[in-house]
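Student: Could you show me how to read some features of a protein model, with the general idea before each case?

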Amino acid sequence: MSNQDRKAKAQAAAGSTGRGASAVIIGGVVVIVAIVLVVGAVVVGAVRDGGGVSELPQGVAAGEPLEPYADANPPEDAPVVDVYEDFRCPACKVYEEYLGGTVTELAQDGRIRLRIHLKTVIDSMTGGESSAVAGSSAVCALDQGAWTEYHEALFALQPQSEDRSGFAEETYTQAAEQAGLSGEALDEWQQCTDDGTYVDYVQSVDDATTEEGIRATPTVVVDGTQFNWGSVIDQQSGEVDTETLREVLTSGDVPEGMVATQ
(Lines give C-alpha, C1' and ligand atoms only; values in the text may rest on other atoms or scores of the structure.)
Protein backbone atom coordinates (compact mmCIF):
# COMPACT_ATOMS: atom_id res chain seq x y z
CA MET A 1 0.00 0.00 0.00
CA SER A 2 1.41 3.35 -0.99
CA ASN A 3 1.70 6.31 1.37
CA GLN A 4 -1.07 8.04 -0.56
CA ASP A 5 -3.34 5.03 -0.10
CA ARG A 6 -2.58 4.90 3.66
CA LYS A 7 -3.36 8.63 3.98
CA ALA A 8 -6.65 8.23 2.13
CA LYS A 9 -7.62 5.28 4.31
CA ALA A 10 -6.74 7.20 7.50
CA GLN A 11 -8.79 10.21 6.38
CA ALA A 12 -11.70 7.96 5.56
CA ALA A 13 -11.50 6.33 9.02
CA ALA A 14 -11.28 9.73 10.73
CA GLY A 15 -14.27 10.94 8.75
CA SER A 16 -16.27 7.90 9.68
CA THR A 17 -15.45 8.34 13.41
CA GLY A 18 -16.40 12.01 13.26
CA ARG A 19 -19.81 11.27 11.75
CA GLY A 20 -20.37 8.59 14.38
CA ALA A 21 -19.60 11.02 17.19
CA SER A 22 -21.93 13.59 15.67
CA ALA A 23 -24.64 11.01 15.44
CA VAL A 24 -24.17 10.11 19.10
CA ILE A 25 -24.26 13.79 20.13
CA ILE A 26 -27.35 14.49 18.02
CA GLY A 27 -28.99 11.39 19.40
CA GLY A 28 -28.18 12.51 22.92
CA VAL A 29 -29.68 15.94 22.29
CA VAL A 30 -32.82 14.35 20.93
CA VAL A 31 -33.12 12.18 24.04
CA ILE A 32 -32.60 15.19 26.33
CA VAL A 33 -35.20 17.22 24.43
CA ALA A 34 -37.60 14.31 24.63
CA ILE A 35 -37.06 14.04 28.39
CA VAL A 36 -37.64 17.77 28.81
CA LEU A 37 -40.84 17.55 26.79
CA VAL A 38 -42.08 14.57 28.79
CA VAL A 39 -41.27 16.23 32.12
CA GLY A 40 -42.93 19.43 30.92
CA ALA A 41 -46.02 17.54 29.87
CA VAL A 42 -46.16 15.81 33.24
CA VAL A 43 -45.87 19.14 35.07
CA VAL A 44 -48.51 20.80 32.91
CA GLY A 45 -50.75 17.80 33.29
CA ALA A 46 -50.30 17.85 37.05
CA VAL A 47 -51.33 21.50 37.21
CA ARG A 48 -54.33 20.92 34.96
CA ASP A 49 -55.34 17.92 37.03
CA GLY A 50 -54.98 19.78 40.27
CA GLY A 51 -51.52 18.62 41.25
CA GLY A 52 -50.20 22.11 42.01
CA VAL A 53 -51.15 24.59 44.68
CA SER A 54 -53.75 26.09 42.38
CA GLU A 55 -56.29 23.32 42.18
CA LEU A 56 -59.89 22.96 41.13
CA PRO A 57 -62.58 21.37 43.29
CA GLN A 58 -63.38 17.84 42.23
CA GLY A 59 -65.59 17.82 39.14
CA VAL A 60 -65.64 21.62 38.87
CA ALA A 61 -64.06 23.72 36.14
CA ALA A 62 -62.53 27.17 36.61
CA GLY A 63 -65.21 29.84 36.95
CA GLU A 64 -67.98 27.33 37.65
CA PRO A 65 -70.00 27.22 40.90
CA LEU A 66 -69.85 24.59 43.62
CA GLU A 67 -72.72 22.21 44.29
CA PRO A 68 -72.05 21.26 47.92
CA TYR A 69 -75.17 19.07 48.13
CA ALA A 70 -74.95 17.32 44.77
CA ASP A 71 -75.01 13.99 46.61
CA ALA A 72 -78.67 14.69 47.46
CA ASN A 73 -79.34 13.93 43.76
CA PRO A 74 -82.06 16.52 43.13
CA PRO A 75 -84.32 15.64 40.18
CA GLU A 76 -83.54 17.09 36.78
CA ASP A 77 -86.44 19.52 37.04
CA ALA A 78 -85.52 20.75 40.53
CA PRO A 79 -85.36 24.56 40.73
CA VAL A 80 -81.81 25.88 40.46
CA VAL A 81 -80.89 28.33 43.19
CA ASP A 82 -77.69 30.29 42.57
CA VAL A 83 -76.18 32.07 45.57
CA TYR A 84 -73.34 34.55 45.08
CA GLU A 85 -71.55 35.22 48.35
CA ASP A 86 -68.40 36.58 49.95
CA PHE A 87 -67.40 35.45 53.46
CA ARG A 88 -66.36 39.03 54.28
CA CYS A 89 -69.62 40.59 53.13
CA PRO A 90 -71.75 41.79 56.12
CA ALA A 91 -75.02 41.42 54.21
CA CYS A 92 -74.00 37.85 53.35
CA LYS A 93 -73.67 37.16 57.05
CA VAL A 94 -77.21 38.46 57.58
CA TYR A 95 -78.47 36.29 54.73
CA GLU A 96 -76.73 33.27 56.24
CA GLU A 97 -78.18 33.93 59.70
CA TYR A 98 -81.74 34.43 58.54
CA LEU A 99 -82.17 32.28 55.43
CA GLY A 100 -79.13 30.01 55.31
CA GLY A 101 -80.62 27.20 57.40
CA THR A 102 -83.76 26.89 55.26
CA VAL A 103 -81.83 27.01 51.98
CA THR A 104 -79.42 24.36 53.23
CA GLU A 105 -82.24 22.11 54.41
CA LEU A 106 -83.97 22.26 51.02
CA ALA A 107 -80.71 21.50 49.24
CA GLN A 108 -79.89 18.60 51.54
CA ASP A 109 -83.36 17.19 50.89
CA GLY A 110 -82.81 17.43 47.13
CA ARG A 111 -85.76 19.79 46.66
CA ILE A 112 -83.57 22.45 45.05
CA ARG A 113 -80.24 22.36 43.23
CA LEU A 114 -78.05 24.80 45.16
CA ARG A 115 -75.06 26.32 43.39
CA ILE A 116 -72.61 28.47 45.35
CA HIS A 117 -70.56 31.14 43.58
CA LEU A 118 -67.74 32.28 45.89
CA LYS A 119 -67.01 35.95 45.27
CA THR A 120 -64.21 38.33 46.31
CA VAL A 121 -66.07 41.65 46.33
CA ILE A 122 -64.52 42.92 49.57
CA ASP A 123 -61.03 42.09 48.30
CA SER A 124 -61.74 44.27 45.29
CA MET A 125 -62.85 47.10 47.57
CA THR A 126 -60.10 46.93 50.17
CA GLY A 127 -57.21 45.07 48.56
CA GLY A 128 -55.63 41.87 49.83
CA GLU A 129 -57.03 38.41 49.23
CA SER A 130 -58.78 37.51 52.47
CA SER A 131 -62.10 36.83 50.72
CA ALA A 132 -60.35 34.49 48.29
CA VAL A 133 -58.46 32.73 51.10
CA ALA A 134 -61.68 32.36 53.10
CA GLY A 135 -63.44 30.89 50.08
CA SER A 136 -60.52 28.55 49.48
CA SER A 137 -60.63 27.37 53.09
CA ALA A 138 -64.34 26.60 52.70
CA VAL A 139 -63.64 24.43 49.65
CA CYS A 140 -60.98 22.67 51.76
CA ALA A 141 -63.73 22.01 54.32
CA LEU A 142 -65.94 20.64 51.54
CA ASP A 143 -63.14 18.18 50.74
CA GLN A 144 -63.37 17.00 54.35
CA GLY A 145 -67.15 16.70 54.28
CA ALA A 146 -67.66 19.69 56.57
CA TRP A 147 -69.03 22.31 54.17
CA THR A 148 -72.25 23.09 56.07
CA GLU A 149 -70.68 23.38 59.50
CA TYR A 150 -67.63 25.34 58.34
CA HIS A 151 -69.69 27.65 56.15
CA GLU A 152 -71.88 28.55 59.11
CA ALA A 153 -68.96 28.87 61.56
CA LEU A 154 -66.85 31.11 59.31
CA PHE A 155 -69.68 33.52 58.64
CA ALA A 156 -70.31 33.73 62.40
CA LEU A 157 -66.63 34.69 62.91
CA GLN A 158 -66.63 37.36 60.21
CA PRO A 159 -64.40 40.33 61.20
CA GLN A 160 -66.32 43.52 61.95
CA SER A 161 -64.06 45.77 59.95
CA GLU A 162 -63.85 45.64 56.19
CA ASP A 163 -60.20 46.38 55.60
CA ARG A 164 -57.25 44.81 53.84
CA SER A 165 -56.34 42.52 56.75
CA GLY A 166 -59.60 40.56 56.65
CA PHE A 167 -59.83 37.35 58.64
CA ALA A 168 -57.08 36.68 61.18
CA GLU A 169 -55.22 33.46 60.31
CA GLU A 170 -56.28 31.73 63.51
CA THR A 171 -59.93 32.38 62.70
CA TYR A 172 -59.93 29.75 59.98
CA THR A 173 -58.66 27.07 62.36
CA GLN A 174 -61.17 28.17 64.97
CA ALA A 175 -63.97 27.77 62.44
CA ALA A 176 -62.66 24.36 61.37
CA GLU A 177 -62.60 23.13 64.96
CA GLN A 178 -66.10 24.49 65.52
CA ALA A 179 -67.13 22.62 62.37
CA GLY A 180 -66.02 19.41 64.06
CA LEU A 181 -62.78 18.77 62.18
CA SER A 182 -60.07 17.04 64.20
CA GLY A 183 -57.12 14.70 63.83
CA GLU A 184 -56.09 13.82 60.27
CA ALA A 185 -59.08 15.61 58.75
CA LEU A 186 -58.10 18.83 60.52
CA ASP A 187 -54.45 18.39 59.47
CA GLU A 188 -55.45 17.91 55.82
CA TRP A 189 -57.81 20.87 55.92
CA GLN A 190 -55.06 23.02 57.52
CA GLN A 191 -52.52 22.07 54.85
CA CYS A 192 -55.04 22.76 52.11
CA THR A 193 -55.85 26.15 53.62
CA ASP A 194 -52.22 27.10 54.28
CA ASP A 195 -51.36 26.26 50.66
CA GLY A 196 -54.13 28.51 49.38
CA THR A 197 -55.12 25.50 47.31
CA TYR A 198 -58.31 26.96 45.84
CA VAL A 199 -57.52 30.68 45.91
CA ASP A 200 -57.09 30.88 42.14
CA TYR A 201 -60.31 28.91 41.66
CA VAL A 202 -62.28 31.34 43.84
CA GLN A 203 -60.81 34.25 41.92
CA SER A 204 -61.81 32.57 38.65
CA VAL A 205 -65.41 32.36 39.87
CA ASP A 206 -65.42 36.04 40.81
CA ASP A 207 -64.02 36.95 37.39
CA ALA A 208 -66.59 34.83 35.55
CA THR A 209 -69.58 36.10 37.51
CA THR A 210 -68.45 39.71 37.28
CA GLU A 211 -68.37 39.33 33.51
CA GLU A 212 -71.96 38.04 33.77
CA GLY A 213 -72.91 41.25 35.60
CA ILE A 214 -72.99 39.94 39.19
CA ARG A 215 -71.02 42.50 41.19
CA ALA A 216 -72.91 42.58 44.51
CA THR A 217 -73.32 40.02 47.27
CA PRO A 218 -75.34 38.30 48.40
CA THR A 219 -77.22 37.77 45.18
CA VAL A 220 -79.81 35.01 44.97
CA VAL A 221 -81.14 33.84 41.62
CA VAL A 222 -83.99 31.33 41.43
CA ASP A 223 -84.32 29.59 38.09
CA GLY A 224 -82.81 32.60 36.37
CA THR A 225 -84.79 35.29 38.20
CA GLN A 226 -83.07 37.45 40.78
CA PHE A 227 -84.83 37.12 44.13
CA ASN A 228 -85.14 39.95 46.65
CA TRP A 229 -84.39 37.73 49.65
CA GLY A 230 -84.94 40.62 52.06
CA SER A 231 -88.62 40.62 51.10
CA VAL A 232 -89.26 37.56 53.28
CA ILE A 233 -87.82 39.25 56.39
CA ASP A 234 -90.17 41.39 58.50
CA GLN A 235 -88.32 44.67 58.91
CA GLN A 236 -89.92 45.35 62.30
CA SER A 237 -89.73 41.98 64.03
CA GLY A 238 -86.85 40.47 62.07
CA GLU A 239 -88.85 37.28 61.62
CA VAL A 240 -88.49 35.31 58.41
CA ASP A 241 -91.53 34.22 56.41
CA THR A 242 -90.11 30.74 56.01
CA GLU A 243 -93.24 29.37 54.36
CA THR A 244 -93.05 31.92 51.57
CA LEU A 245 -89.30 31.38 51.23
CA ARG A 246 -89.82 27.66 50.80
CA GLU A 247 -92.58 28.23 48.25
CA VAL A 248 -90.42 30.56 46.15
CA LEU A 249 -87.38 28.31 46.18
CA THR A 250 -89.13 24.99 45.59
CA SER A 251 -91.49 26.30 42.91
CA GLY A 252 -88.77 28.19 41.05
CA ASP A 253 -91.28 31.00 40.64
CA VAL A 254 -90.34 34.43 42.02
CA PRO A 255 -93.49 36.58 42.41
CA GLU A 256 -93.32 39.91 40.64
CA GLY A 257 -93.17 41.82 43.91
CA MET A 258 -90.15 39.81 45.05
CA VAL A 259 -87.98 40.24 41.99
CA ALA A 260 -84.78 42.10 42.85
CA THR A 261 -83.75 45.11 40.82
CA GLN A 262 -80.20 46.47 40.67
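Tutor: We shall take a disulfide, a helix, a hairpin and a cavity in turn. This is a predicted model, in which local features need pLDDT of at least 70 and side-chain atom pairs count only at pLDDT 80 or more, while totals for chains, interfaces and linings use all residues. Residues are numbered from 1 along each chain as its sequence is written, and side-chain values use heavy atoms, with hydrogens and water left out.

Student: Which cysteines does a disulfide join here?

Tutor: In general, a disulfide is a covalent bond between the sulfur atoms of two cysteines. A pair of cysteine sulfur atoms within 2.5 Å counts as one, and the structure holds 1 disulfide, joining cysteine 140 to cysteine 192 with an S to S distance of 2.0 Å. This pair links distant parts of the chain, since cysteine 140 lies in helix H4 and cysteine 192 in helix H7, 52 residues apart. Helices (H or I, at least four residues) and strands (E, at least two) are DSSP runs, numbered from the N terminus.

Student: Are cysteine 140 and cysteine 192 buried or exposed?

Tutor: Buried means under 20% relative accessible area, exposed over 50%, and partly exposed in between, using a 1.4 Å probe and protein chains only. Both cysteine 140 and cysteine 192 are buried.

Student: Which residues are buried in helix H5?

Tutor: An α-helix has 3.6 residues a turn, so residues three or four places apart point the same way. In H5, residues 147-156, the buried ones are Trp147, Tyr150, His151, Ala153, Leu154 and Phe155. The partners against which the buried residues of H5 pack include strand S1 (80-85), helix H2 (90-108) and helix H4 (130-143), where contact means heavy atoms within 4.5 Å.

Student: How many bridges pair S3 with strand S4?

Tutor: Two strands pair if DSSP finds at least two bridges between them. S3 and S4 are antiparallel and pair over 3 bridges, forming a hairpin with 2 residues between them, and aspartate 223 in the turn has a positive phi of about 45 degrees. In S3, Thr219 and Val221 point one way and Val220 and Val222 the other, yet all are buried.

Student: What lines the largest cavity?

Tutor: On a 1 Å grid over the protein atoms alone, a cavity is a set of points where a 1.4 Å probe fits but cannot get out, and lining residues have an atom within 4 Å of a point. The lining of the largest cavity includes Glu67, Tyr69, Arg113 and Leu114.

Note on methods
1 Å grid on protein atoms, 1.4 Å probe; cavity = no way out; pocket = protein on both sides within 12 Å on 5 of 7 lines; lining within 4 Å.
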